[in-house]
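Morning, everyone. Today I want to talk about aromatic rings and how they pair. Please have a look at the structure first.

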Amino acid sequence: MRLRPNLLAFILLLLPNGHDALAQKGFAVGSFQSFKGAGLSFETLSPSGREFNTFTLYADLASVYLGDNTAPGVKFSFSHNIRIAQFNPQTLDDLSLIAGSGFSAGWIKDSDRDNYGLCGALSGTFGARAVFPCRVCFILGITLETGLLLYDNGGHPTTTLYRDGIYQTILPHLTILYQFK
């Protein structure tokens, strides 16, 4: 399948260049789980530790779980997150509320559409982040995506509102990461 090498090359271009840059900032690798889908997540930390970027590649599974579709779509999302409130518990390295903005893009099947299409959306994320002394990080959050869907409507390209980005806002996601510093 020709898509896999192209997708791998695209992901490698999106990742920060060089191991030294990652070692200075710190990074984390893990998994993304939600009723929306499941996939891989990568996080880079700023030197101050107040901000972090999250890159997620996942299978869009909500319509598969509901029985509306037999095959999942694929989605990539990026979010630049900021700690908006930080707590100092004695048992955790970090506990904070986060908010972030970013974008998502993918090849998906939107609600009540017969065909797959390309989606592009701006996103906003709100959640909580907990980092344990063993370097395991949990992020529980919700994400609103507002954007467009381009799909083939009987031979005519059609653009419409990406509805699942709004409908699926109430579905929380859990990201479990291991931090390397």
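**Aromatic pairs**

F138 is partly exposed, at a relative accessible area of 31%. Keep in mind that this is a predicted model. F132 is also partly exposed, with 29% relative accessibility. These two residues, F132 and F138, form an aromatic pair. How is the pair arranged? It is edge-to-face.

Now the whole count. How many aromatic pairs are there? The count comes to 11. One of them is F27 with F180. Their ring centres lie 5.1 Å apart. Their planes are at 20°, so this pair is stacked. The cut-off for stacked is under 30 degrees.

Where do these two residues sit? F27 is in strand β1, residues 27-34. F180 is in strand β9, residues 173-180. The pair therefore ties together parts that are 153 residues apart in sequence.

Is F27 buried or exposed? F27 is buried, with a relative accessible area of 15%. F180 is partly exposed, at 37% relative accessibility.

F27 and F180 belong to one aromatic cluster. Its members are F27, F42, F55, F76, F78, F103, Y178 and F180.

One last item, a charge and a ring. Which residue lies over the face of F52? It is R129. The distance from the ring centre is 4.4 Å.

How values were computed:
Residues are numbered from 1 along each chain as its sequence is written. This is a predicted model: local features need pLDDT of at least 70, side-chain atom pairs count only at pLDDT 80 or more; totals for chains, interfaces and linings use all residues. Side-chain values use heavy atoms; hydrogens and water are left out. Rings of Phe, Tyr and Trp (its six-membered ring) pair if their centres lie within 6.5 Å; planes under 30 degrees apart count as stacked, over 60 as edge-to-face and the rest as tilted. Helices (H or I, at least four residues) and strands (E, at least two) are DSSP runs, numbered from the N terminus. Buried means under 20% relative accessible area, exposed over 50%, partly exposed in between (1.4 Å probe, protein chains only). A charge sits over a ring if NZ of Lys or CZ of Arg is within 6 Å of the ring centre and within 35 degrees of the ring normal.
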